[in-house]
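Please keep the model open while reading.

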Amino acid sequence: MKIVIVGGVAGGASAAARARRLAEEAEIVMVERGSDPSFANCGMPYYIGGTIEDRSKLLVTSVERLENRYRLDVRVRQSVESIDREAMTVTIKNLSTGERYEESYDKLLLAPGAAPIRPPLPGIDSPRVYTLRNLDDADRIHAAAEKASHAVIIGGGFIGIEMAENLLHRGLNTTLVELGNQILGPWDAEMVVPLAELLTERGLQLRLGAAAEAFAPTRDGISVKLTSGDTLSADFVVLAIGVKPETSLATAAGLVVGERGGIRVNCHMQTNDANIYAVGDAVEVTDFVSGKPVQIPLAGPANRQGRIAADHMFGRDSQYRGTQGTSIIGAFGKIAAMTGLSEKMCQRLGIGCEKIYLHPAHHAGYYPGAEQMSLKLLFDPTSGKLLGGQAIGGLGVDKRIDVLAIALQAGMTVFDLEEAELAYAPQFGSAKDPINMAGFIAAGVVRVDHPIVHSHQLDAVAGRVTLIDVRTPSEFSEGTIDGAVNIPLDELRGRLDELSKQQPVVAFCKVGQRGYMATRLLRQHGFAASNLSGGYTTWRQIQSAR
Ligand code: FAD
């Protein structure tokens, strides 16, 4: 069996290594257009920022190692230019010599990744406008950053935010321009407010709802004209507005590209030609939760898909389950992570969902160093089946989203989260872990033990409900929701006569816990009470996200 692999980084290199472990006799040719196979693209922003000082650390492995350990035929600085499906050959161009030659295959794997989007804006071809995809790009930005004082980043996605943190870390005056009204588009807006606020505190000039429309050279830099009419000046620009699957080889060979623009594959990662597989950022996959086609460029899926394709080439029935979009990003110690569908995605797809918010500490509050996180859980309102989760905070955010990711993949419900048995000692978690708490709250909502109201619904019911702030008078005096009256939880039993049973009551506290207790108390006394999910903390995040 002879396998030719196009692209030698995440998906391609994983497939090559797996293929060798399965088939000692196979001939495996891995063709990579760049100079380095299997480099750590995810580490590049941190090399630019100086956290990773030694560039060689980004070279996860070397051509020699791949040849010696895996007996791969690695051809760097060579590009696959076309596929002849009938002859089962590819044409390869050696980028060093310009020579072209043909290579036959029994199985072909396409792992060419995705290219940064560069819209045809005036001046975009300026040498001061960079994109970040490979080590050559990283070197160029690294060199530019060393002698720069001002940078503009276009795009507030993963790469834009990571670059913002790293350029600020280097001491550059940094502006980030984002077309949307929030950073990190896959998250729900309120969940990334704390990260946007922290970046701003650290000096990032964040321009939300703004778009670049032209670039022009200045005497010693570049100017960025925004659609608002404002002009920004910088030494260089990093363009990070998304990536586009590399599908030109596939389309020229008549392989089917799906509605999201990626190469269409089946669960074995086979294209419409059974001898050609495709993996990674170049393919369109099925969203694990919604079942819809999606294009989610992440390293984990690319690596797993590479393994699955290699398995299938050698007769194993490995199948890709779909992509959940489990992702994480951190800047200056603030961490945002998510898995599954967001609320806005549920709305877009017409999937009925309920949500709850909570703000637990990452470990027992009495043990020093507890950090608060915000969790949002999305679930089916009737069955309680999990649809997605998002978290923002510090320590422990990664662990909770990873637990939710597995729960989601296992098809679990909020009732299963109530029963989750997780590792606990005071410095690591709580006897009732944030995951259990999310389960208790969400299960209580599904069982209608404690109805909830959401912050965005308050405007619609204003004047028709009694809004009670059950925090202490001192908390109340520092700020509350318009129209709220203060009845601290500990006084509530003695002040029930101040409330009317003719009007629904919405209780809230700082994070939702005292509001929950108030709701239970009031309901047992015959009031139509509900709790404001996530309390004043979520309400403020939602106000800030508007
Ligand atoms: P790639 O890893 O991009 O590899 C494709 C390779 O194919 C390229 O090296 C390209 O040169 C080569 N190629 C293309 N066409 C040809 C051709 N015709 N002939 C020969 N070679 C060809 N994901 C995460 O999950 N977490 C992160 O923290 C994260 N951080 C990232 C940070 C940055 C700056 C970038 C750029 C990406 C990051 N990603 C992250 C995304 C992740 O790196 C990709 O999802 C993953 O690498 C995709 O794997 P792939 O094999 O599809 O493509």
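Which residues line the largest cavity?

## The largest cavity

The lining is made of G280, D281, V283, V285, I296, L298, P301, A302, Q305 and T323. A cavity here is a set of points, on a 1 Å grid over the protein atoms alone, where a 1.4 Å probe fits but cannot get out; lining residues have an atom within 4 Å of a point. The search of the whole structure finds one cavity of 30 Å³ or more. The largest cavity holds about 30 Å³ of space. Volume is the space filled by probe spheres set on the grid points, which are joined across faces, edges and corners.

Helix α8 supplies the largest share of this lining, three residues. Strand β20 (283-286) and α8 each give at least two. Helices (H or I, at least four residues) and strands (E, at least two) are DSSP runs, numbered from the N terminus. By class, the lining has six nonpolar, three polar and one charged residues. Ala, Val, Leu, Ile, Met, Phe, Trp, Tyr, Cys and Pro count as nonpolar; Asp, Glu, Lys and Arg count as charged; the others, Gly among them, count as polar.

## Basis of the model

The model is predicted: local features need pLDDT of at least 70, side-chain atom pairs count only at pLDDT 80 or more, and totals for chains, interfaces and linings use all residues. Residues are numbered from 1 along each chain as its sequence is written, and side-chain values use heavy atoms, with hydrogens and water left out.

## The ligand site

The ligand is surrounded by 28 residues, and the closest are G11, E32, V80, D281 and A299. A residue counts as near if one of its heavy atoms lies within 4 Å. D281 also lines the largest cavity. The shell divides into 17 nonpolar, seven polar and four charged residues. Strand β4 gives the most, three residues. At least two residues each come from α1 (10-22), β2 (27-32), α2 (44-49), β4 (78-84) and α8 (299-313).

Polar contacts are pairs of N or O atoms within 3.5 Å. A side-chain N or O atom of E32 is 2.7 Å from a ligand oxygen. A polar backbone atom of V80 lies 2.9 Å from a ligand nitrogen. A backbone N or O atom of A111 is 3.4 Å from a ligand oxygen. On its own, the ligand has 990 Å² of accessible area, and the protein covers 88% of that. Areas come from the Shrake-Rupley method with a 1.4 Å probe.

## The second largest pocket

This pocket has a volume of about 730 Å³. Its lining counts 28 residues, and P360, M437, I441, V511 and Q513 are the closest to its centre. A pocket is an open set of points with protein on both sides within 12 Å along at least five of seven lines.

Helix α12 gives the most to the lining, with five residues. At least two residues each come from β24 (354-358), α12 (434-446) and α16 (513-524). The lining has twelve nonpolar, twelve polar and four charged residues.

## A parallel sheet

Five strands form an open sheet in the order β27-β31-β30-β28-β29, with parallel pairing. Edge strands β27 (452-453) and β29 (485-486) each pair on one side only. Strands pair if DSSP finds at least two bridges between them. Four bridges join β28 (residues 466-469) to β30 (residues 505-508). T466 has V505 of β30 as its bridge partner.

Technical notes
Polar contact = N/O pair within 3.5 Å; in protein donor to acceptor, adjacent residues only side chain to side chain.
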